[in-house]
Amino acid sequence: MDLEKQPQQPVAPAGPAPAGIRASDADRDRIADILRDAVAEGRLTADEHAERVDLVYRAKTVGELEPLVQDLPAAGGAARPSASPYSYGPEGASGPAENLVAVFSSSTRKGRWRVGGRTNAFSLFGSVEIDLTEALFGQRLTVINATSIFGSVEIKVPENISLRGSGTGIFGNFEVDTLESADPEAPVVVVNGYSVFGNVEAKPKRGKLITNLQKQLRKHLGR
């Protein structure tokens, strides 16, 4: 019998990575993306999101990553929305964070600017103001980490987005006026942090609305 003429047996497709295999950066980023979508959709609280993301980047194996998303639809391959009515740019949560620092001074970010996925605000005997009422959101979820020590961090948002937060005031004030937009695809701003003998406040600015992000982005980008 001529063995060379025998049909080759099909090779079985590779299955899921074994639980004990070392996790790659791409594995961690994939899980972080699922968690980011979950908090934007209201499936996770800001505290739950922060706790799980911390575990994601501590995980050493694939087996440690999968349980972090097993109770979320995306982990089981659930259908994702086919399209968003908003003209978001590329997701920016994994990019570099913007840092606003005020030490015995003030720092302000307002007007028409493009918001990244993460912003860190730090105030020490100073004041930081972040005004998102005319901003262009490059992605659906924006996370602001605010720290105030003998200072203040003030965040203003449009009335028709979702605003969530989690933080602590130690001899100070940490206050986030929670909002839930009627539009499930509207931008979501999550404010985390703490204040020590200071003030962190996030609230909507009355009369300021996001009405058409697609039109705003096209005008901003000159398209």
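A: What follows is a conversation about the chain as a whole, then its sheets, its helices and a few single residues.

Q: Before we start, what kind of model is this, and how are residues numbered?
A: This is a predicted model, in which local features need pLDDT of at least 70 and side-chain atom pairs count only at pLDDT 80 or more, while totals for chains, interfaces and linings use all residues. Residues are numbered from 1 along each chain as its sequence is written, and side-chain values use heavy atoms, with hydrogens and water left out.

Q: Ok, how many helices and strands does the protein chain have?
A: The protein chain has 4 helices and 12 strands, where helices (H or I, at least four residues) and strands (E, at least two) are DSSP runs numbered from the N terminus.

Q: And how much of the chain is buried?
A: Of the 223 residues in the protein chain, 39% are buried, and buried means under 20% relative accessible area, exposed means over 50%, and partly exposed lies in between, with a 1.4 Å probe and protein chains only. The chain exposes about 12,600 Å², of which carbon and sulfur atoms supply 52%; these accessible areas come from the Shrake-Rupley method with a 1.4 Å probe, and for residues only the protein chains shown count as cover.

Q: What share of the contacts joins residues 24 or more positions apart?
A: Among contacts in the protein chain with a separation of 6 or more, 70% are between residues 24 or more positions apart, a contact being heavy atoms within 4.5 Å.

Q: Let's do the sheets. What's the strand order in the one with β1?
A: That open sheet of 5 strands has the order β1-β4-β7-β11-β9, with parallel pairing, and two strands pair if DSSP finds at least two bridges between them. Because β1 (98-103) and β9 stand at the edges with a single partner strand each, one side of each is left without a neighbour in the sheet. The twist averages 10° from one strand to the next, with axes taken as lines fitted to C-alpha atoms, for helices over the stretch in contact, and angles running from 0 to 180 degrees between N-to-C directions.

Q: How many bridges pair β4 with β7?
A: Strand β4 (residues 118-124) and strand β7 (residues 141-149) pair in the parallel sense over 7 bridges, and N120 stands opposite N145 in β7.

Q: And the sheet with β2? Which strands are at its edges?
A: The order in that open sheet of 5 strands is β2-β5-β8-β12-β10, with parallel pairing. Its edge strands are β2 (106-109) and β10 (173-176), each of which pairs on one side only. Between β2 and β5 (residues 127-131), which run parallel, there are 4 bridges, and S107 stands opposite V128 in β5.

Q: Switching to helices, what does α1 pack on?
A: Helix α1 packs on the sheet by touching β7, β9 and β11, and its direction makes about 85° with that of β7. The buried residues of α1 include I31, I34, L35 and V39, and what covers the buried residues of α1 includes α2, α3, β7, β9 and β11. Just after α1, G42 takes a positive phi of about 85°.

Q: Which residues of α2 are buried?
A: In helix α2 (residues 46-56), A46, H49, R52 and V56 are buried. They are on the same side of α2 because they cover an arc of only 130° around the axis, the arc being that of the directions from the helix axis to the C-beta atoms. Their cover includes α1 (25-40), α3 (62-65), β9 (162-170) and β11 (188-196).

Q: What about F150, where is that?
A: F150 lies in the loop between β7 and β8 (152-157), and its phi is near 55°, a positive value in a residue other than glycine. At 41% relative accessibility, F150 counts as partly exposed.

Q: And where is F197 found?
A: F197 is found in the loop between β11 and β12 (199-204), with a positive phi near 50° in a residue other than glycine, and at 44% relative accessibility F197 counts as partly exposed.
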